[in-house]
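Hello,

Here is the structure we spoke about, handed over for your own reading. Please look at it first, then go through the notes below.

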Amino acid sequence: MTDQAESIFLGGGGEGYGTPQRLLLKYGNRHGLIAGATGTGKTVTLQILAEGFSAAGVPVFLSDVKGDLSGIAAAGSAAGKLHEAFAKRAATIGLDLQYRAFPVIFWDLFGEKGHPVRATVEEMGPLLLSRLLELSEAQEGVLNVAFRLSDEEGLALLDLKDLQALLTFVAQNADEISARYGLVSKESVGAIQRRLLVLENEGGAGLFGEPALELADLMTVDGEGLGRISILAADRLMNSPRLYATFLLWLLSELFEMLPEVGDPEKPKLVFFFDEAHLLFDDAPKALVAKVEQVARLIRSKGLGVYFVTQNPADVPDTILGQLGNRVQHALRAFTAKDQKDLAKAAETYRPNPRFRIEEAIRDVGTGEAVTSLLEAKGVPGIAERTLVRPPSSQLGPIDEAARAAVVAGSPVRGKYDRVLDRESAWEKLRARAEAAAREAEAAEERAAEEKREFERARRYDGEGYREAKPKRGASRSDSVGTAFAKSFARQLGSRSGQALVRGILGSIFGKR
């Protein structure tokens, strides 16, 4: 029998549910799937897996989309009808149920139910940002030009006002930028700016800025050696599903880039649960799906296990589904022809069990029961088993606001992310350029006015007669892109309409924060 210290007890399977079903920690980084219709027990399965990994010293990241996973921070109650039901189930599957709390760090993009979590615009990158803003191919091209310009000109993109300022600059210098990078239309820039406004109205501006999340803070253990469970409050975030999915994908991509290769560790370095996974793939462009496939294929060698949680296995593309070795399939309902087709497809992905038909088992299992297939020795898929899932050790359901506040107050990252930093970036640098251009335009206008006054007072004798002198033109030379843009901008500002424009820019785009 497998040593309990090397595995996570998921529940009892087989005849009478007396055969332990264990997820081997050695294969915890081979990814997994938790699927099933609403109300069939997916959240409890996620909770007990998070507890199991934490107890084994493995940090966990998960999102709380319904607001009821905060109970992991409190011990379950050894009284009441729920305890009686849990005790009966524990006896059936041979579990010595002990209630306990687990170390939790609460996070929240909006900073209301946990520590604020942020990323910079440049960390998000043009691909994910285009996905978030639902940009067309042409608009994505313009966004890529903006990111390229920010790199070459040293215009750091940290928050949304940086990106908005840079896009305004791009629109005002569209001709010069198009000559260097390809067509950049003001219409495309305007469309991007409108999408940014929508994102702000949805509360997405809070995601971008500094201090940005340090991924190391998601990979810690407490003083007893338990892996800390990072819980992202996502109940409000789910009102903006594309923002939710994009943020989690960014986080997964950053972990992929940061973590070193470790081969096949004895246990994962971190386990990442992607709840409501269908949101990641709904209407996703091929480039994005290819990125997820690449991450899923390669990240396991970095010690990170990814577990997709969704209603139907069909929500996950086949290229990714085939890489999910540990599976917990709760009930699927088959009310329509499509449902029946999806049910049959789900059953085909399991290793057959001669004792029952997998398709019927998936359809008929009750709440808290599932068809499981967990990797065995040498990474071989286990035979499908009808499993009675164990009850959790922590509280089932959410903790109250006072208890949540106490957890946040005692957090190891308390105070680290609470105050927003605003160092010099694209917004400040472009404001300085605009102000310098305005001063240069005013000085040029004053010089022109002075020359005109001199011409009106006197004429120059050239040997043949008195003629009016023509103003001298400054010599042109080849400059850097940034200098050329600044000069072009200054020339635009030489007219009174140009000065009005810069006053508008300084007053609105670069106004007081």
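**What was found**

By class, two nonpolar, two polar and five charged residues line the second largest cavity. Please keep in mind that this is a predicted model.

The cavity itself has a volume of about 40 Å³, and the structure holds three cavities of 30 Å³ or more. Among the residues lining the second largest cavity are Leu158, Asp159, Asp162, Gly209 and Glu210. Leu421, Asp422, Arg423 and Ser425 also belong to that lining.

Next, the sheet. Its 12 strands form an open sheet with mixed pairing, in the order β2-β1-β12-β11-β10-β3-β9-β8-β4-β7-β5-β6. The edges are taken by β2 (19–24) and β6 (115–116), and each has a single partner strand, so one side of each is left without a neighbour in the sheet. In general, strands of a sheet pair through backbone hydrogen bonds, in either a parallel or an antiparallel way. Here, β4 (residues 60–64) and β8 (residues 270–275) pair in the parallel sense over two bridges. Val60 has Val271 in β8 as its bridge partner.

Ala212 lies between α7 (186–201) and β7 (229–233). Is Ala212 buried or exposed? Its relative accessibility is 18%, and buried means under 20%, so Ala212 counts as buried. Leaving aside neighbours within four places in sequence, Ala212 is in contact with Arg118, Ala119, Thr120, Glu123 and Tyr417. Ala212 and Pro116 are 96 residues apart in sequence, and their C-alpha atoms are 9.3 Å apart in space.

Regards

Technical notes:
Residues are numbered from 1 along each chain as its sequence is written. This is a predicted model: local features need pLDDT of at least 70, side-chain atom pairs count only at pLDDT 80 or more; totals for chains, interfaces and linings use all residues. Side-chain values use heavy atoms; hydrogens and water are left out. On a 1 Å grid over the protein atoms alone, a cavity is a set of points where a 1.4 Å probe fits but cannot get out, and a pocket is an open set with protein on both sides within 12 Å along at least five of seven lines; lining residues have an atom within 4 Å of a point. Grid points are joined across faces, edges and corners, and a volume is the space filled by probe spheres set on the points. Ala, Val, Leu, Ile, Met, Phe, Trp, Tyr, Cys and Pro count as nonpolar, Asp, Glu, Lys and Arg as charged, and the others, Gly among them, as polar. Two strands pair if DSSP finds at least two bridges between them. Helices (H or I, at least four residues) and strands (E, at least two) are DSSP runs, numbered from the N terminus. Buried means under 20% relative accessible area, exposed over 50%, partly exposed in between (1.4 Å probe, protein chains only). Contact means heavy atoms within 4.5 Å.
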